[in-house]
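Trainee: I have a new structure to look at, and I would like to learn how to read it. Could you take me through a few features?

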Amino acid sequence: MPLTQKQTNAWYALRRTLPPWSFEENLKELIEYLPQYGVDELIVKVDTEEFSHGQPPLDWIRKYQPHLFEIKAEMDKLGIVFSINPWITVGHNDRGRDSRTYIPALRTMVGHDGTECMACACPMSLAWREHVAKIWTMYAETKPHVIWMEDDLRTFFHRPVRYSCFCHLHIERFSDRIGEKVTRETLVEAILKPGDPHPWRSEFLDMQGDVMIELVDFLAKVVHKTSPNTRLGLMSSDVRGHAMEGRRWHDFAHAVADGKPLYSRPPLGHYHEATLRGLYYSHDSIKLTRHMLPADTIQQTEVENVPFTQYSKSTSFTFLQMAISFAFGADGVTLNLFDHAGTPMERESMFGKLLKEKKPFFHALAGRAQQSGTYRGVKILVHEKSSYEKKLKSSTNFLELAGDGECLMQMLESHGIPTIYENSHILASSGQQLRAFNDSEIHGFLSKGIWLDAVAAKILFDRGFGGEIGLKSINSPVFLNDLGAFSAEEFFNPKFGGAEKKFLTLTMPDLTGRPDFSIMEPVDEAEIISRIVDPDAKRHHVCAYAYENQLGGRIIVQAFDLATAYGVAYNHTFRREQLQHMVRWLGRDDVPLLVRGGVYPLGLRKDLGDKTLLGLFNLSLDPWEKVEFKFSDKRTIEKTELLTATGDWEPCKNFSIIKVKDTFQLQLTKSVPYHEPVFLTIFWDKKK
């Protein structure tokens, strides 16, 4: 929990702008309504959104600073914590602003194609650092609890520049680093070289990592020179995206924190509402960002609504993002729910009503989920240096450098198989993540249970691990249509839930697609799970197999390049049976958690010493009529509690328990619509 003036499990930190033209009106409303909403912290955004000047002018901030002192004084009276969120750090987007007109020596970002920004600063620009130091000193003088660094502290997506920075400062530093004169064009060509990575790529990523660590260290020290007790907060972008800029997470985090507790704001995405399935990304961002940061980091998720009306996001979707935040152990939520143009919050009063009414529910949920413990599931392998070793297919797209794994996460989660990034006896890897791990680490993986797609299996085979993964040969994945006319995957092995003529489509990831597929020959000892068939249902190439190796590990390989195969057409009730049986086999029937009862679940299990928290979010519009949790544990259940909508933990009803050996099957007969997630606590018998 954050160290604050009052304690609550469900910490609300509201992000709000008070523009000069409506300051008094907005402040008066905050004083009246923040206590009613249950807000614990006010994060004041400065020079924000549509009315941002780009790089904030010194005179403007100097005139606005008295307002910050006034806000803080009023919040102190209310017992509400005061923090500051400058809307930009280096800048997200020019939007027609040209900050060079009042910072004449400003060096701005230059993209890989030579495109130059007008307001987004190069992090190495000395003029910008001098400018921002003066501004952040004025912020620090107000003694805020936290000052947030924005997620523009990255080297990509600074519009109009897409991938940066290749300005002369960066080029000169890189040239000095390698002892050779380079140009922007030659450097970009080397970084994006198809096939085996050019040595310059790792050097450039290391340099970018160094530059950004230097930058956040500089900003933190500016703040602490004036306000030693102020904490620094880090808004980050997608972890897999940060891989393509060489972010060294722990070094970066220690520089931001500068000896104080670090605050983290992982993005939940979906700034406007689209599909419930988007919440898979939201929950994954919480878990993956936490995994990359030091264990004592205070996590407050980003719940954001752009452009800040019901038209962009419903209260139901907002509730679900908040519930996911607390269910997956976040210390609080930062709420960007209202516009930054001075419009009163009560013009969208339904959001304030949501905060007030759901506070008891979130408090009770967070009270369990924030307890010390371990989330359980299938571990997805991830490495912060995945972009260093990745082999690119083309020389035109920087996004190819981003880390793999998001489709693997959603594939498993959508079939009732929770995923984690911490230790587990069951692992999964797709794409090129494994290139970043050394042989010793891979030996460790292969002594456990591990699921691999074709790309991951081919990497291991080429590195000499063919025997350990049960392969005589494997080809690189190619477009399925180039291999012939194939119709479906026949999932025939009953040991894995299959049966004769049990077919899964090969028209993936959607109606117009076809996946990339590897022709592979498993060893004779391997057990074939499925094959692809032609239009006459004749069996051909192996599609999936299982193998137990000499290390004691269990391996399952699927012949698809998952990135080309995963989508709505991959999902199926048959696929759920296949994947859940695979997980049970990989884990030798030691099952972290499997969820059944409907489609598109988001499940969770967290072991809390003498308790276990189970949860389910239904990410489909159809209500589930029952929920089944299957998991392994050697202990005996003493009692169970169910969380009610009013925030009370009550004895569970309409509930049955079957235990076979060490595997529980818990069935809850209860309608579960999408807007009413289920949370269940198991209390274990301490006497047995």
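**Cysteines, a buried helix and a helix pair**

Mentor: Gladly! Keep in mind that this is a predicted model. Let us begin with Cys652, which counts as buried because its relative accessibility is 15%.

Trainee: Is Cys407 buried or partly exposed?

Mentor: Cys407 has 21% relative accessibility, so it counts as partly exposed. The cut-off for buried is under 20%.

Trainee: How many disulfides are there?

Mentor: The count is 0 disulfides. Cys407 takes part in none, and the nearest cysteine sulfur, belonging to Cys543, lies 15 Å away. A disulfide would need the two sulfur atoms within 2.5 Å.

Trainee: What describes two packed helices?

Mentor: The general idea is to give the angle between their axes and the distance between those axes. Here, the axes of H9 (residues 279-292) and H10 (residues 315-327) come within 10 Å and cross at roughly 30 degrees. That angle means H9 is roughly parallel to H10. Their crossing is right-handed.

Trainee: Which residues make the contact?

Mentor: H9 brings Leu279, Ser282, His283 and Ile286, while H10 brings Phe317, Leu320, Gln321, Ile324 and Ser325. Sorted by type, the contact of H9 with H10 has 5 nonpolar residues, 4 polar and no charged.

Definitions and conventions: Residues are numbered from 1 along each chain as its sequence is written. This is a predicted model: local features need pLDDT of at least 70, side-chain atom pairs count only at pLDDT 80 or more; totals for chains, interfaces and linings use all residues. Side-chain values use heavy atoms; hydrogens and water are left out. Axes are lines fitted to C-alpha atoms, for helices over the stretch in contact, and angles run from 0 to 180 degrees between N-to-C directions. Helices (H or I, at least four residues) and strands (E, at least two) are DSSP runs, numbered from the N terminus. Angles under 35 degrees count as roughly parallel, over 145 as roughly antiparallel, 65 to 115 as roughly perpendicular and the rest as oblique. A crossing is left-handed if the near helix is turned anticlockwise from the far one by less than a right angle, and right-handed if clockwise. Contact means heavy atoms within 4.5 Å. Ala, Val, Leu, Ile, Met, Phe, Trp, Tyr, Cys and Pro count as nonpolar, Asp, Glu, Lys and Arg as charged, and the others, Gly among them, as polar. Buried means under 20% relative accessible area, exposed over 50%, partly exposed in between (1.4 Å probe, protein chains only).
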